[in-house]
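This report describes selected local and inter-chain features of one structure.

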Amino acid sequence: MTLKNIIFYADDDTDDLELVQDAFARFTNNVEVVTAKDGVQALSYLQSLNIQTPTPCLIILDINMSILNGRDVLKKIKELPHLSTVPVVLFSTSSSTLDQEFAKKYDAGFVTKPLDVSQMEMITELFIDHCSDEIKRNIRRHLS
Amino acid sequence: MRMYEFQLLSQDDQIAILYQEGIYIGKKKADKTTLLYQLASFYVEITYASYRRVIQNIVYSESTSVLDPYLEQIPIEYLVT
C-alpha cells in the first residue's frame with residue numbers, strides 16, 4: 001500500500017477549508033488534506049512531526065488567521081530543520097505586494113484565494129506546481 | 001478600463017479580471033459575505049449567497065463612500081514612517 005501525499009492547510013475560515021478540501025477531492029487516491037483551524041494549531045502539529053510520522057509534501061497557510069497569522073507561522077516553520085525542504089505557500093484573499101514580497105523573502109510561494117469556486121481547479125494546479133517534481137508526478141499520475 | 005466597459009463583460013470575465021488585476025480592499029461578514037475590490041478608478045462589491053461558491057450580486061461604484069464599512073480593514077501602518 002502506498003502512503004498518500006499529505007497536504008497541510010491552515011485557515012481560520014471554515015468555508016475556505018472546505019473549498020480546498022473539495023478541490024483536492026479529485027486526487028483523493030493519493031492526496032490527503034490535513035487541516036488546522038488557526039496558526040497555533042498549525043504550528044503545534046508541524047512541530048510535533050517526527051521521523052515516524054509522514055511529513056507533508058506541501059504546507060498552505062492562510063495569512064490573516066486570528067490566532068497567530070500565516071506570516072508568523074511561516075517564520076517559525078523556517079526554523080524547523082525537519083521541514084526545511086517542504087514547500088510552503090501563503091494563501092490570501094489579498095494580492096498585496098507586501099505579502100508577496102514577504103513570501104519571497106521566506107522562500108514561500110504566494111497564491112491569491114479565488115473569487116469564485118470555478119477558479120479552484122486552476123488554483124489547485126498552482127498549489128501542486130509548488131511540490132517537488134516527484135510529488136507532482138505522483139499526485140497527477142492517477143488523473144492521466 | 002472604465003466602469004461601464006467592465007459592466008458590459010460577462011460575470012466570468014469580470015471575475016477573471018478582478019482576480020488578476022483587482023486590489024482587495026476588505027471583507028464584510030454578516031448574513032452574507034461581501035468582498036470589496038478596487039479596479040482602476042472604480043470599486044466592485046461582490047456579495048455571495050454561498051461564500052466563494054455562489055455569487056448573489058455584484059455592485060459597481062465610482063464613489064469612495066463604498067469604502068466606509070471597510071475603512072478599519074485598510075492597512076495604513078505602511079503609510080506611517
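## Leu68 of chain A

In this predicted model, Leu68(A) is partly exposed, because 18 other C-beta atoms lie within 10 Å and the buried class requires 20 or more. Leu68(A) is located in the loop that runs between β3 (58-62) and α3 (70-77) of chain A. The backbone of Leu68(A) has a phi near 60 degrees, a positive value in a residue other than glycine.

## Helix α3 of chain A

Within α3(A), the residues Gly70(A), Val73(A), Leu74(A) and Ile77(A) are buried. Viewed down the axis of α3(A), these buried residues fall within an arc of 100 degrees, and therefore they line one face of the helix. The elements of chain A against which the buried residues of α3(A) pack are β1 (5-10), α2 (39-48), β3 and β4 (88-92).

## Packing of α2 and α3 in chain A

How do the axes of α2(A) and α3(A) cross, and at roughly what angle? The two axes come within 10 Å, and the crossing angle is roughly 15 degrees. Because angles under 35 degrees count as roughly parallel, α2(A) is roughly parallel to α3(A). The crossing of these two helices is right-handed.

On the side of α2(A), the contact is made by Gly39(A), Ala42(A), Leu43(A) and Leu46(A). On the side of α3(A), Gly70(A), Asp72(A), Val73(A), Lys76(A) and Ile77(A) take part. By class, the residues of this contact between α2(A) and α3(A) comprise five nonpolar, two polar and two charged. Gly70(A), Val73(A) and Ile77(A) of this contact are also among the buried residues of α3(A).

Is Lys113(A) buried or exposed? Lys113(A) counts as buried, because it has 23 C-beta neighbours inside 10 Å. This lysine is placed in the loop between β5 (109-112) and α5 of chain A. When neighbours within four places in sequence are left aside, Lys113(A) is in contact with Asp16(A), Phe91(A), Ser92(A) and Thr93(A). Lys113(A) and Ile123(A) are 10 residues apart in sequence, and their C-alpha atoms are 8.0 Å apart in space.

Thr124(A) belongs to helix α5 (residues 120-129) of chain A. Thr124(A) likewise counts as buried, because it has 21 C-beta neighbours inside 10 Å. Apart from neighbours within four places in sequence, Thr124(A) is in contact with Ala23(A) and Phe24(A). A separation of 9.9 Å is found between the C-alpha atoms of Thr124(A) and Val111(A), which are 13 residues apart along the chain.

## Two alanines of chain B

Ala40(B) is situated in the loop between β2 (33-39) and β3 (42-50) of chain B. Although Ala40(B) is not a glycine, its phi is positive, at about 50 degrees. Ala40(B) is partly exposed, because 14 other C-beta atoms lie within 10 Å.

Ala16(B) forms part of helix α2 (residues 11-21) of chain B. Ala16(B) counts as partly exposed, because it has 17 C-beta neighbours inside 10 Å. The C-alpha atoms of Ala16(B) and Tyr70(B) are separated by 23 Å, and these residues are 54 residues apart along the chain.

## Interface between chains A and B

How many residues of each chain are in contact with the other? The contact involves 12 residues of chain A and 12 residues of chain B. On the side of chain A that touches chain B, the residues divide into five nonpolar, five polar and two charged.

How values were computed. Residues are numbered from 1 along each chain as its sequence is written. Chains are lettered from A and ligands numbered from 1 in the order in which they are written. This is a predicted model: local features need pLDDT of at least 70, side-chain atom pairs count only at pLDDT 80 or more; totals for chains, interfaces and linings use all residues. Two residues are in contact if their C-beta atoms, placed from the backbone, lie within 7 Å. Ala, Val, Leu, Ile, Met, Phe, Trp, Tyr, Cys and Pro count as nonpolar, Asp, Glu, Lys and Arg as charged, and the others, Gly among them, as polar. Helices (H or I, at least four residues) and strands (E, at least two) are DSSP runs, numbered from the N terminus. A residue is buried if 20 or more other C-beta atoms lie within 10 Å of its own, exposed if 12 or fewer, and partly exposed in between; C-beta atoms are placed from the backbone. The arc is that of the directions from the helix axis to the C-beta atoms. Axes are lines fitted to C-alpha atoms, for helices over the stretch in contact, and angles run from 0 to 180 degrees between N-to-C directions. Angles under 35 degrees count as roughly parallel, over 145 as roughly antiparallel, 65 to 115 as roughly perpendicular and the rest as oblique. A crossing is left-handed if the near helix is turned anticlockwise from the far one by less than a right angle, and right-handed if clockwise.
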